[in-house]
Amino acid sequence: AAAAIAGAFVVATTAAFNMRVQAGRIAEETDKLAQKTGIAAKSIEGMSVSLTRNGLGAESLTGLMRGLSKQMVDARNGVASSTKIFQEMGISMETVGKGTGATLKAIADRFKEMPDGANKARLAIDLFGRAGLEWIPILNKGGIALEESAKKSAEFGLILTDVQRNDLTVFDDAMDDLGSALKGFGIQVGAAFAPALTA
């Protein structure tokens, strides 16, 4: 019985450690993605359910936001082609000025009203780049679906507090350092024994 309890404890501890390692990786990826796109980490985490349901990963979100951010900045700077895209969508510069989240929801509401076809695909590419095509099924559900995704993500524990995200990011960095230390140890051991092994 004692052995069984000890074995169960080891299994549980190992599982908990592995979950923390995975959570650390996810937290660090989210933090980096937030820095790349300029979108709050909580907003990115709020899209987790929509991404998973549609088989999309973080790289798709990065591509989407990179394309949208460029169009928004260009429109604010008066670039005619970018301004025209938002005008065609019926989205005001006032909405664009509210930020990426508000603009994305407005675009989703417009996509929900539009028929599928070549024109919608063109607009998706113009607004978001190549990633836009992957996001049409999500955008077709409207801005409310993005809000529902955020609620579900929070319900499932996918949205972290700033403290939790920081703790996991620090832990992930420590694991990376451990990996580097073990690699360096292996290199030094190999270098020490190389002459004898060569002989």
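## Starting at D109

Leaving aside its neighbours within four places in sequence, which residues is D109 in contact with? In this predicted model, the partners of D109 beyond that stretch are G142, G143 and I144. One of these, G143, has its backbone nitrogen 2.8 Å from a polar atom of the D109 side chain.

D109 sits in helix α7. With a relative accessibility of 34%, D109 counts as partly exposed.

## The nonpolar core

Now let's turn to the core. The largest nonpolar core contains 34 residues, and L61, F86, L104, I107, F111 and W135 have the most contacts inside it. At least two core residues come from each of α1 (2-37), α2 (41-46), α4, α5 (80-89), α7 (100-113), α8 (118-128) and α9 (131-139). Helix α4 gives the largest share of this core, six residues.

Setting aside neighbours within four places in sequence, L61 is in contact with L33, I44, M47, L51 and W135.

## Q71, a residue of α4

Helix α4 spans residues 58-76, and Q71 is found in it. Is Q71 buried or exposed? Its relative accessible area is 13%, so Q71 is buried.

The side chains of Q71 and S82 are joined by a polar contact of 2.6 Å. Beyond four places in sequence, Q71 is in contact with S82, I85, F86, D126 and L127. Among these partners is F86, which you have already met as one of the residues with the most contacts inside the core.

Definitions and conventions. Residues numbered from 1 in each chain as written. Predicted model: local features only at pLDDT ≥ 70, side-chain atom pairs only at ≥ 80, totals over all residues. Heavy atoms only, no water. Helix = DSSP H or I, 4+ residues; strand = E, 2+ residues; numbered from the N terminus. Buried < 20%, exposed > 50% of the residue type's maximum accessible area, 1.4 Å probe, protein only. Polar contact = N/O pair within 3.5 Å; in protein donor to acceptor, adjacent residues only side chain to side chain. Contact = heavy atoms within 4.5 Å. Core = buried A, V, L, I, M, F, W, Y, C linked by side-chain atoms within 4.5 Å.
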